[in-house]
Structure formats: structure tokens, C-alpha cells
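Colleague: Hi! Could you show me the model, and then we chat about its aromatic rings?
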Amino acid sequence: MSRRTLICGSLAYDTIMVFPDRFASHILPGDTRVLSVSFQIAEMRREWGGCAGNIGYNLQALGGEPVVMATLGDDGSAYRERIAGLGMPCEGVRSVAGTFTAQAFIITDLDDNQITAFHPGAMNS
């Protein structure tokens, strides 16, 4: 009996950055009517993200047989290679031409506050 499990959701690149200070020192509560800030970050890393990607990865690690159903953009070849390299089938992964793969950009400060920007990209298809 097959243990294949269909996982529908997102595949995304997560760019995680650490700001070595506190946002509260730079964003003043009375001055948020017009907000324009720039933070110099101390470290940055890129992770494999997205709900379907994370669930599929963990189910595979537990001995399951995930089949991911999601979309990737023109920049998604590395993610497709990762899925195949983990031994998961790519039959449910579709590439959407002219789009980016979904991406999250997360800046975390010393108090664990976060500022996040998310672009759904190919997920919209």
C-alpha cells in the first residue's frame, strides 16, 4: 500500500536578515505618519521555505512519501533540484513563466521583532 501524500501549498525562498539593534530606537511612535527607514543588517541567509516545501521536507524525514503540488517562477530551478535531490517527485510542481518564485524577506531585531515583506509571485497562478 502506497503512503504517498499530496501536499498542496507554497514553495518560497526565505531571506532572513538580522538587524543588530532595536527597531524601537529608529522608529519613533509619533513620527510614523511618513515612514522611510533603512537598516544595515549584520547577517543574512537564504532558506528553503513555503508551507508545501516545509511540510514535504519534514514528512519525507519521518519516512512518508510526499508529493508537493506548488508553483515556481523563472528563478525556481534550484528549488526544483532540491526537491528532486531529496527524493521527492516533482510531478506536481509547475513553473510559471514570467514570474518570480514566492519570496519572503524578514528582518529581525535584537528584541525578536520582525519586519516582513512577502511577494507571492508564481503562487498567484
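This is a predicted model: local features need pLDDT of at least 70, side-chain atom pairs count only at pLDDT 80 or more; totals for chains, interfaces and linings use all residues.

Colleague: Nice. How many aromatic pairs does the count come to?
Modeller: The count comes to six aromatic pairs. One of them joins Tyr13 and Trp48, with 6.0 Å centre to centre and 50 degrees between the planes.

Colleague: Okay, back to Tyr13 and Trp48. Where do they lie?
Modeller: Tyr13 is in strand S2 (residues 12-18), while Trp48 is in strand S3 (residues 43-49). The pair therefore ties together parts that are 35 residues apart in sequence.

Colleague: And Tyr13, is that buried or exposed?
Modeller: Tyr13 counts as buried, because its relative accessibility is 3% and the cut-off for buried is under 20%. Trp48 is partly exposed, at 32% relative accessible area.

Colleague: Why is the pair of Tyr13 and Tyr79 tilted?
Modeller: Their planes are at 40 degrees, so the pair is tilted, and the ring centres are 5.8 Å apart. Tyr79 belongs to helix H2 (residues 77-85) and Tyr13 to strand S2, so this pair ties together parts 66 residues apart in sequence.

Colleague: Which residues do the ring pairs link into a cluster?
Modeller: Tyr13, Trp48 and Tyr79.

Colleague: New topic, charges! What lies over the face of Tyr13?
Modeller: That's Arg46, at 4.4 Å from the ring centre of Tyr13.

Definitions and conventions:
Residues are numbered from 1 along each chain as its sequence is written. Side-chain values use heavy atoms; hydrogens and water are left out. Rings of Phe, Tyr and Trp (its six-membered ring) pair if their centres lie within 6.5 Å; planes under 30 degrees apart count as stacked, over 60 as edge-to-face and the rest as tilted. Helices (H or I, at least four residues) and strands (E, at least two) are DSSP runs, numbered from the N terminus. Buried means under 20% relative accessible area, exposed over 50%, partly exposed in between (1.4 Å probe, protein chains only). A charge sits over a ring if NZ of Lys or CZ of Arg is within 6 Å of the ring centre and within 35 degrees of the ring normal.
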